[in-house]
Amino acid sequence: MRTTGSSMLKTVAPPVLFGVTILALWQVLTVAAGVPSFLLPAPTAIADAFSANVDAILKAANATGANAFIGLLAGSVLGIAAAIVAVRFAVVDGLLGALAAGAAAVPIVALAPLLNSMYSTTTDLPRRLVAAIVVFFPVFVSTAKGLRQVPRVQSDLMTAYAATGWQITRTVRLPAALPHLFTGLRIAAPGAVIAAIIAEYFGGLQHGLGSRITSAAANTAYPRAWAYVVAMVLGLVFLAAVLLLEQLTRRPRTTLWRSK
């Protein structure tokens, strides 16, 4: 127990100490040097703005988080399904690989206005589509890589048992691809939040973090704008959820191994 606590302390203490140091230097710099708030507000001013607008910030974070979550879920499901099909069929692999690379090369600042013009700006659908497209590429590439790296002896054994291609994929390839899948999800989870926020800068409903940051900055309420920026830790929440899910998928294997 002491070893576990000491290990956790060594893991948590350095980033916490680093963050506190940065905040202290930030406060001293802005106050002592008299930095204008439109350049860089002091952390205390941001904290005051956050406490004064906490309800609005939470509502905006909830709206952006919902768009990011739906985009993450849709992009992940499509990415995994596309990877499974691509590994099974070489023709589909070449087609989807090129399309995925092309979609990843399109910047969000160009994609979001196009989707806003294609779909109604009175709904969150364009923003969710942007998040799903951003998520699709890393999940597709990582999952496909994992599905291809199954030891040949395992696939040959399943073939000797007269297993079909889909049975081999379900029982051998997918479990072996989980580490690669979660690597893609660790990249995609914060990316979904970033994509959802950036998409809000290009019109549509004015209830998310991106639109609130734009509005506060336009009204020269810079501490309030930074207070909304602080709510972008939502990306860390998504990443933590992926890491937790990864640990949960590993636990049964470890338990089974120890029982043997």
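The legends below walk through several close-up views of one predicted protein model.

**Before you start: how to read the views.** Because the model is predicted, local features need pLDDT of at least 70 and side-chain atom pairs count only at pLDDT 80 or more, while totals for chains, interfaces and linings use all residues. Residues are numbered from 1 along each chain as its sequence is written, and side-chain values use heavy atoms, with hydrogens and water left out.

View 1. The protein has eleven helices and zero strands; here helices (H or I, at least four residues) and strands (E, at least two) are DSSP runs, numbered from the N terminus. Reading from the N terminus, the order of elements is α-α-α-α-α-α-α-α-α-α-α. Of the 260 residues, 32% are buried, where buried means under 20% relative accessible area, exposed means over 50%, and partly exposed lies in between (1.4 Å probe, protein chains only). A contact is a pair of residues with heavy atoms within 4.5 Å. Among contacts between residues at least 6 apart in sequence, 74% join residues at least 24 apart.

**View 2. Helix 3 meets helix 4.** Look for helix 3 (residues 54-88) and helix 4 (residues 90-105), whose axes come within 5 Å and cross at roughly 135 degrees. Axes are lines fitted to C-alpha atoms, for helices over the stretch in contact, and angles run from 0 to 180 degrees between N-to-C directions. The two helices are therefore oblique to each other; angles under 35 degrees count as roughly parallel, over 145 as roughly antiparallel, 65 to 115 as roughly perpendicular, and the rest as oblique. On the helix 3 side you will find A82, V85, A86 and R88, and they meet A90, V92, D93 and L96 of helix 4. By class, this contact has six nonpolar, no polar and two charged residues. Ala, Val, Leu, Ile, Met, Phe, Trp, Tyr, Cys and Pro count as nonpolar, Asp, Glu, Lys and Arg as charged, and the others, Gly among them, as polar.

**View 3. T30 and its surroundings.** T30 sits in helix 1 (residues 2-32) and, at 5% relative accessibility, counts as buried. A polar atom of the T30 side chain lies 2.9 Å from the backbone oxygen of W26. Leaving out residues up to four places away in sequence, T30 touches V35, L40, P41, A42 and P43.

**View 4. Two aromatic pairs.** The structure holds two aromatic pairs: rings of Phe, Tyr and Trp (its six-membered ring) pair if their centres lie within 6.5 Å, and planes under 30 degrees apart count as stacked, over 60 as edge-to-face and the rest as tilted. The ring centres of W26 and W226 are 5.6 Å apart with planes at 70 degrees, so this pair is edge-to-face. W26 in helix 1 and W226 in helix 10 (residues 222-230) are 200 residues apart, and the pair links distant parts of the chain. W226 is partly exposed, at 31% relative accessible area. F136 and F140 form a stacked pair, 5.6 Å centre to centre with 10 degrees between the planes. Both lie in helix 6 (residues 125-148), four residues apart, about one turn of the helix. F136 counts as buried at 18% relative accessibility, and F140 is buried at 4%.

View 5. G65 belongs to helix 3 and is buried, with a relative accessible area of 10%. The C-alpha atoms of G65 and G235 are separated by 8.7 Å, although the two residues are 170 residues apart along the chain. Setting aside neighbours within four places in sequence, G65 is in contact with L234 and F238.

Conventions. A polar contact is a pair of N or O atoms within 3.5 Å; within protein, one must be able to donate a hydrogen and the other to accept it, and residues adjacent in sequence count only if both atoms are side-chain atoms.
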